[in-house]
Structures are given as C-alpha cells and as structure tokens.
Amino acid sequence: MEVIKYPARKDWGHITARPHFDHAALQDKVAGILQEVRELGDAALFKYEEMFDRVSLNSLAVSEAEWDEADSLLSEELKRSIRQAHDNIARFHASQAIQHQKIETMPGVTCWQKSVGIDAVGLYIPGGTAPLFSTVLMLAIPAKIAGCRNIVMCTPPNKEGKVHPAILVSAKTAGVTCLFKLGGVQAIGAMAYGTQSVPKVYKIFGPGNQYVMAAKQLVSLSEVAIDMPAGPSEVEVIADASANPAFVASDFLSQAEHGADSQSILMTTDDALVAPVQAEIERQLTLLPRRELVEKSLSHSKIVVLKDYDELMALTNEYAPEHLIIQTANYRELAGKVINAGSVFLGPYTPESAGDYASGTNHTLPTSGYAKAYSGVNLDSFLRKITFQEITPQGLYQIGNIVETMAANEQLDAHKNAVALRLDSLKQ
C-alpha cells in the first residue's frame, strides 16, 4: 500500500488513477460470445454455462421446488434481516416518487409530464466470490415501486446447478419470480437479445466483473440501455485526529474484500494518523478469511496526506469516489463541499456496510470517476418520463406567431405550415 505525503497538484493524476485493465483485449472474446447467444439462443447459454460456471443444466429457469426449498435453508435471523432491509430500502426509494403537475406556460398552452415504469428490465446479480443477495434488493425493490411489469433476473448457479438460497429468498421478498441460472457475458446477451427461455428486456442493471461490464457496454451500443458504465468497486475515507483508527481500517478493508481489483484510499490532513491506521489494517487483515484477495486490493490502495481541507476536498472531487466516508470532527462542513461522489457516509458510526445492506440507500453506484456525470441507481433509473401538451385555440393564437417565426428562420417551412394552416382555419 502506497503512502503519499503532500503531493503536488501535477501528481494528482497518479492518485486518482484506478487499477488499469486492457479492455480492448476483452472486446473480441466478449463480442464473440454475445454473437453466439444472439444466433443460437438457449443452446449457446447451456454451452457457456458448462464452460464458465462448470455446470451442466437441464433447465435455465429456477424451478418451483427450488423456490420452495430456499426458504427452509435460511436461518430465521437472516430472513428477518432481509425483510427489514427490504422495508428500509423500499421506504427510501418510494420517497423519491415525484408528483407531476400540469403547467400553463402561457394562456391556453398546457404542458405536463408522466412517469412510466420501463416495461421490461433485466437484473444481473453476481455470484462469483460471494452471493450478493443484497444486490437483489437494491435492484428489484425500485423496479417494483416504479411499476416495471416484467422483471427478469439472472445469476450464476453453483457447481450443483443451484442458486444460493439467500438470492432466491431476497428475490421472492422483493416480488421477483422470473429468475434464470445464468452468469457472465451469456446472461447479459440473453437479456439483451432474448432467447427461447429468457425474455428480452429494454434496460439491464447490475454490477459484475470486467467481462460483464464489457458485455453491458457492447449491448448498449445497439440493443438495450444499461444503468451506468462501471468498473471495480472503491472507497475513499476522509479522517482526522478525532477518528478511531480501527474504524478507518475496518472501512478500508471492507471495501478491499470486494475483489482483487477494488481500491481503498485514505485522505487526511493529519500525518500522525497514518501509522495507527496502517497498524490497524495489518492487525485486522490477519483475522480475515479473504486475506489473500484483500492483499491484492491493498497493493493498489493508497494513503494520502494533504496540507489542508481545501486541497483535500479538491482532490476528493477530482477522484469522484463511488463511496465516500467522512470521519472528521467537522464532517458536516466537509459534506457540504462534496460535489462528486456516488454515496456519502457521515460520522464515526456510519460505515459503508450500512449502505451496502440495509440503511435504505442504493449500493449500485458509479465507479471509476463516473460519479462526475452519473447518479447511483434510484427510482428514476427504472422510469421513463413522457411529456404531454395541449393547446387550445386561444393558446394557438398566443404561441402561433412565435413558432412560425422560429421555423421560418430555421428554414423548416413544413413546420411553419403546420401552424399557419391551423391559424387560418380559426379565422374561417
């Protein structure tokens, strides 16, 4: 793990750099799999499930027996936790609904907007290094609240051809019943193109490895919309002398265990904090079962010491972290200076883990600096906004000459004529 003290602004590019992967090298392989799924449908899905997930399936869909069995395999404590997380997430996302009003922009000219759920959405739930059943809740709950009528979910099965029971229970809790045993590129292709078993969708959501991300970006060029471009998960912690080094280290490590390509960064103005945090990271690291994975992530993680908060916040907004944790005495003041971040966690008792699971906010967030332009998944992600307008004869008299003048100056005479004909009819 690199420690950088008082860097010059010209060196900030090194600090904000993410782990680099040659995505160009993936393109041909991913494109080939997608093309085969498009042409061969289910046959390609069975083939690639055997090749990549190492399982020979008789059916892609989760059976009724598997749905029923899942409930009996989970502890009551976990099921209660899933239900409470569901309620918190649903409450927060339901609050994002906007009540649209009709607006008379000028006498006789009325405009309004209606929100409509995307009719068919696809949710991808990773199952590689861990069964991310929390992502089921994060995606399915706002999809249901938005009124998406067809929700298709894909997740890779284990070597026995089973989906983790927590994923099934979470899906059922969120009201999703259309679930397929599909992982990786083949799952993205199935939802983008549709096959004999898997319905085609209009927008695909969900995180994944670099192959999944490449597949999402490729299908978004011509087939479907996607939630956002994304890369490996990341966290930035801002801390000062008032912070508990053990808390800071735990946040650092909780992000690092997502994957070998994850990144954690600590930014501080207190040089004296560096050594205690490093010691805590080493101590806590020895206790983690995923230590080897975490160590790979720490190899491209950093601790950065800045001269003052102005510089620290400028660098933070340049980095645009997926997750930003602020553990300083003046955390509310610093929070007001955040411009670019996916989700922000304030104070010593607000770990990123809370947002990952159960506080109510969504954990599907922009990474790799995309927080400068993208929001995390929210209710609007699953909605389309359709505008309406109605013009009365009085309104046409009010707006007609304006439209005719503008159309004429753009040399679009047919546009002008569409108004002129109506105005003439009103004079008869």
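User: Why is Asn417 called partly exposed in this model?

Analyst: Happy to walk through it. In this predicted model, Asn417 has a relative accessible area of 39%. Buried means under 20% and exposed means over 50%, with partly exposed in between, so 39% puts Asn417 in the partly exposed class.

User: Where does Asn417 sit, and how far is it from Ile145?

Analyst: Asn417 belongs to helix H17, residues 413–427.

User: How do you know that the length of helix H2 agrees with what its residues should span?

Analyst: H2 covers residues 23–40, which is 18 residues. The expected span is 1.5 Å times one less than the number of residues, and for H2 that should give 26 Å. The end C-alpha atoms are 26 Å apart, so the two values agree.

User: Which residues of H2 are buried, and what do they pack against?

Analyst: The buried ones are Leu26, Val30, Ile33, Leu34, Glu36 and Val37. They pack against helix H3 (42–52), helix H8 (184–193) and helix H9 (210–219). Just past the end of H2, Gly41 adopts a positive phi of about 65°.

User: What makes a set of residues the largest nonpolar core here, and which members have the most contacts inside it?

Analyst: A nonpolar core is made of buried residues of the types Ala, Val, Leu, Ile, Met, Phe, Trp, Tyr and Cys, joined through side-chain atoms within 4.5 Å. The largest such set has 39 residues, and Val121, Leu123, Cys148, Met153, Leu179 and Phe382 have the most contacts inside it. Elements that each supply at least two of its residues include helix H4 (64–73), strand E4 (120–124) and helix H6 (133–146). H6 gives the largest share, nine residues.

User: What does Leu123 touch beyond its neighbours within four places in sequence?

Analyst: Its contacts include Leu139, Ala140, Ile151, Met153, Phe205 and Phe382.

User: How many of the chain's contacts link residues 24 or more positions apart, and how much of the chain is buried?

Analyst: Among contacts with a separation of 6 or more, 75% join residues 24 or more positions apart. Buried residues make up 48% of the 428 residues. The chain holds 17 helices and 14 strands.

Notes. Residues are numbered from 1 along each chain as its sequence is written. This is a predicted model: local features need pLDDT of at least 70, side-chain atom pairs count only at pLDDT 80 or more; totals for chains, interfaces and linings use all residues. Side-chain values use heavy atoms; hydrogens and water are left out. Helices (H or I, at least four residues) and strands (E, at least two) are DSSP runs, numbered from the N terminus. Buried means under 20% relative accessible area, exposed over 50%, partly exposed in between (1.4 Å probe, protein chains only). Contact means heavy atoms within 4.5 Å.
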